[in-house]
Amino acid sequence: MIIKDLDRVKEVIRLSKEEEEAFKEVTKVYPFSSSLYYLKVASRSDAVRKMLLPSLEEVDPEVQKFGQDDPLNEEGDKKTPFLTHRYPDRVLIVTTNQCPVLCRYCMRKRNWKLKPFVIEDREIDRAIEYIKGNPKVRDVLISGGEPLSLPVEKLERLLIGLKRIETVEVVRIGTRLPVVDPEKVLREELLGLIEKAEKVWINTHFNHPDEITPEAKEACRALLKSSAPVNNQTVLLKGVNDSADTLERLFRGLQKIKVRPYYLFHCDPVKGVMHFSTTITKGLEILRELFRRISPLAIPYYAVDGLGGYGKVPLLPKRFKKVGDHYTFESFKGEIFTMADR
Ligand SMILES: *Cc1c(COP(=O)(O)O)cnc(C)c1O
């Protein structure tokens with residue numbers, strides 16, 4: 001069940017007067033949408049609440065001053081109306097601007113202002129033709145909006161089309177459905193399709209340990225059972241997850257449900273989202289702390305996406321340097337040791 005209006009929201013979650021005012025004001029510009037499930041999660045978690053409920057900062061011109069609509073120039077690198085080709089071996093297909101849950105920190109907030117779109121069948125065919133004509137493309141990212149909310153027949157046209165292209169080896173679906181509406185993942189026809197399509201990897205999107213509920217765990221388990229590896233992309237968000245303690249709990253919790261942390265994204269400077277930004281320095285400090293505490297198997301790359309379309313740069317905290325013919329390293333305890341470069 002999808003909830004969009006204030007009266008319905010108030011039946012599930014108690015709002016303060018300020019929150020109610022902000023809801024009315026902000027939704028004139030940026031709408032609200034949630035599943036009943038995720039609204040209930042928000043009612044139990046302040047962090048989730050921040051990701052879900054409108055805040056006046058979204059429309060504060062001073063706060064949003066340095067934000068851009070499309071800082072990564074996804075529109076500029078488009079090769080068909082729905083396909084962005086930036087890296088030599090992988091392409092991105094933005095299939096829709098529709099999501100059951102609108103995250104306040106959305107990197108594609110610009111698309112909220114467009115009228116609802118879902119990729120048409122002929123555009124699916126066009127994207128597939130493009131990929132056929134570019135055999136270097138081995139990895140296809142399917143994003144949105146929420147691609148797992150597309151009609152299953154449409155998803156089938158796309159996934160089976162890609163399955164038939166021999167040069168495509170990996171199809172990644174970027175989805176937040178296991179987190180925000182896990183029950184919707186548990187559809188036989190959807191899970192059956194993922195299995196049948198063979199090349200599918202799921203990239204899901206947990207940001208906070210409070211999102212790892214029994215329901216979300218069950219959804220991830222079903223995806224794993226359908227033979228899709230499940231990886232996770234987190235966004236570093238001020239006031240939500242910008243501490244080593246929170247991220248340690250998140251990444252350990254994900255590993256426990258066999259979801260591999262892949263990326264921790266630095267928050268892109270998107271208009272309407274700037275109030276969630278932290279500094280890169282802070283991100284690196286958190287990462288350094290994580291390497292002291294947990295295995296790299298549970299630590300994602302911290303990635304900055306280059307303004308204007310330079311692409312992602314994965315970062316690690318700097319724990320070594322070359323001095324003459326030696327390297328000096330920093331251990332997980334913070335000790336310094338050296339090794340000759342021979
Ligand atoms: C993020 C992204 C990809 C995938 O990049 P990876 O680093 O391989 O995850 C591909 N194309 C575009 C345009 C992207 O933004």
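**Reading the features**

Guide: Let us start with the aromatic rings: the structure, which is a predicted model, holds eleven aromatic pairs.

Visitor: How is a pair of aromatic rings described?

Guide: Two values are used, the distance of the centres and the angle of the planes. In this model, the ring centres of Tyr105 and Phe276 lie 6.1 Å apart. Their planes stand at 85°, so the pair is edge-to-face, because an angle over 60 degrees counts as such.

Visitor: Let us turn to the ligand. Which residues surround the ligand?

Guide: The surrounding residues are Thr84, Tyr87, Arg90, Leu92, Leu141, Arg172, Tyr262, Tyr263 and Lys312. By class, this shell has five nonpolar, one polar and three charged residues.

Visitor: How far do polar side-chain atoms of Arg172, Tyr262 and Lys312 lie from an oxygen atom of the ligand?

Guide: A polar contact is read from a pair of N or O atoms within 3.5 Å. For Tyr262, a polar side-chain atom is 2.7 Å from a ligand oxygen. The corresponding distance is 2.8 Å for Arg172 and 3.0 Å for Lys312.

Visitor: How much of the accessible area of the ligand does the protein cover?

Guide: On its own, the ligand has 380 Å² of accessible area, and the protein covers 92% of it. The space that the ligand takes is the largest pocket.

Visitor: Which elements give two or more residues to the shell around the ligand?

Guide: They are strand E4 (83-87), strand E5 (90-94) and strand E10 (260-265).

Visitor: Finally, the backbone. Which residues does a cis peptide bond join?

Guide: Here the angle to read is omega, which is about 15° for the cis peptide bond between Gly144 and Gly145. Gly145 is located in the loop between strand E6 (139-143) and helix H6 (152-163).

Visitor: What is the phi of Asn73?

Guide: Asn73 has a positive phi, about 55°, although it is not a glycine. Asn73 lies in the loop that runs between helix H4 (46-52) and strand E3 (78-80).

Note on methods: Residues are numbered from 1 along each chain as its sequence is written. This is a predicted model: local features need pLDDT of at least 70, side-chain atom pairs count only at pLDDT 80 or more; totals for chains, interfaces and linings use all residues. Side-chain values use heavy atoms; hydrogens and water are left out. A residue is near a molecule or strand if one of its heavy atoms lies within 4 Å of it. A polar contact is a pair of N or O atoms within 3.5 Å; within protein, one must be able to donate a hydrogen and the other to accept it, and residues adjacent in sequence count only if both atoms are side-chain atoms. Accessible areas come from the Shrake-Rupley method with a 1.4 Å probe; for residues, only the protein chains shown count as cover. On a 1 Å grid over the protein atoms alone, a cavity is a set of points where a 1.4 Å probe fits but cannot get out, and a pocket is an open set with protein on both sides within 12 Å along at least five of seven lines; lining residues have an atom within 4 Å of a point. A molecule sits in a cavity or pocket if more than half of its atoms lie within 2 Å of its grid points. Helices (H or I, at least four residues) and strands (E, at least two) are DSSP runs, numbered from the N terminus. Ala, Val, Leu, Ile, Met, Phe, Trp, Tyr, Cys and Pro count as nonpolar, Asp, Glu, Lys and Arg as charged, and the others, Gly among them, as polar. Rings of Phe, Tyr and Trp (its six-membered ring) pair if their centres lie within 6.5 Å; planes under 30 degrees apart count as stacked, over 60 as edge-to-face and the rest as tilted.
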